[in-house]
Amino acid sequence: MSKLRSVIKGCGSYLPEKVLTNHDLSKIVDTSDEWISERTGIHQRHIAADDEYTSDLGLVAARRALEDADIPASDVDLIILATSTPDQTFPATATTIQAELGIHEGAAFDVQAVCSGFVYALATADSFLKSGQHKCALVIGSETFSRILDWTDRGTCVLFGDGAGAVVVCAEEAGETPDNEGIIASRLRSDGRYRDKLYVDGGPSTTQSAGYLRMNGREVFRHAVSKISGVIEETLEIAGLDVEEIDWFVPHQANKRILDGTARKIGLLPEKIVITVDKHGNTSAASIPLALDIAVKDGRIKKGDLVLMEAMGGGFTWGAVLVRW
Ligand code: UT7
């Protein structure tokens, strides 16, 4: 019996023009290229121009994804934007992108799960598409974290950057076996007891200001590998697949040491990890679709490949999505 599957039809990404290298940062705070490279694998990050907003970055990525999919914007009836740096407190930045794309039907909303945002948004779109409620979704991750960084705090400002990535996902009749293209399984998790390990110290209801990112990096690091590998194992189990069957591991790009540690723990070969954190730092919800787009466009990810995405972020939130490309 055939069933609806959410099939990724195209992807796109965008990085702002301005590049800030580790060397540039060493002139702003007491840090060095050596420290940042060794501890994180990051060499540079991109910074949005003053007049460039999260919606602008997301819009370029969305247009590129639609072009790649060869699907007109008018076919899209669902836009889910993962972001923690919206243009305004409300309306949802997704509605700005919807209007800019000339779409006046369907639904558009933001999802806020910090660095896990893209995985949350993709899993949400998958449920809507599989239920038949929507037919074609734009799932976008777009962030301007440079706006919520404390540029005097070397423990955080060296880690993050701005960027956007997007995928077009459409419902298609497909068989149920893992050989069929599309999203095979996903798992989302959160545990709010850890919300003070990575947070922003402001907000409309508390300080009436946007606030700045605060993080206990060591604590985040301590939880990352075990939480991520746990949810990956659960997702593979639901799909009835083994880790050896994964062709490409496209993780949230936070820190190379976390990626290497996770791959080691789940028994994945290092050459299967897509690593782009060196080029753009941690772009929160944008990092997975950015990495995905880079690996698709350079020919690594090909049709039929089994792709595993995962992320962990503030909340804590974490999750994984398994896709047959
Ligand atoms: O999506 C999730 C987002 N969050 C993350 O991915 C963060 C996860 N955590 C990490 O990646 C790591 O904890 C960091 C990269 C943030 C820090 O690495 P660490 O090995 O855990 O360093 P640490 O915080 O234990 O600090 C070690 C030393 C300290 O100096 P002392 O006390 O030993 O003298 C820090 O003050 O490094 C110092 N330090 C720096 N030195 C140069 C902290 N930041 C910097 C810096 N440059 N930028």
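Modeller: Buried means under 20% relative accessible area, exposed over 50% and partly exposed in between, with a 1.4 Å probe and protein chains only. Helices (H or I, at least four residues) and strands (E, at least two) are DSSP runs, numbered from the N terminus. This is a predicted model, in which local features need pLDDT of at least 70 and side-chain atom pairs count only at pLDDT 80 or more, while totals for chains, interfaces and linings use all residues. Residues are numbered from 1 along each chain as its sequence is written, and side-chain values use heavy atoms, with hydrogens and water left out.

Colleague: How many of the 11 residues of helix H10 are buried?

Modeller: Helix H10 covers residues 287-297 and is mostly covered. Its buried residues include Ile288, Leu290, Leu292 and Val296, and Asp293 is also one of them. The number buried in H10 is 9.

Colleague: Which residue takes a positive phi just after H10?

Modeller: Helix H10 ends at residue 297. Just after H10, a positive phi of about 90° is taken by Gly299.

Colleague: How many Å does helix H5 reach from its first C-alpha to its last?

Modeller: H5 runs over residues 117-131, which is 15 residues. The expected span of a helix is 1.5 Å times one less than its number of residues. For H5 that expectation is 21 Å, and the reach from first to last C-alpha is close to it, at 21 Å.

Colleague: Why does Pro16 count as buried?

Modeller: Pro16 is in the loop between strand S1 (3-14) and strand S2 (18-21). Its C-alpha is 6.5 Å from that of Gly163, 147 residues apart along the chain. Pro16 counts as buried because its relative accessibility is 1%.

Colleague: What percentage of the ligand's exposed area does the protein bury?

Modeller: Polar contacts here are pairs of N or O atoms within 3.5 Å. A nitrogen atom of the ligand is 2.7 Å from an N or O atom in the Thr31 side chain, and an oxygen atom of the ligand is 2.7 Å from one in the side chain of Arg218. Taken alone, the ligand exposes 950 Å², and the share buried by the protein is 74%.

Colleague: Which helix gives the largest share of the shell around the ligand?

Modeller: The shell has 23 residues, and Thr31, Arg39, Arg154, Arg218 and Asn255 come nearest; a residue is near if one of its heavy atoms lies within 4 Å. Helices H2 (33-40), H6 (154-157), H7 (217-239) and H8 (256-266) give two or more residues to this shell. The largest share, 4 residues, comes from H7.

How values were computed: A polar contact is a pair of N or O atoms within 3.5 Å; within protein, one must be able to donate a hydrogen and the other to accept it, and residues adjacent in sequence count only if both atoms are side-chain atoms. Accessible areas come from the Shrake-Rupley method with a 1.4 Å probe; for residues, only the protein chains shown count as cover.
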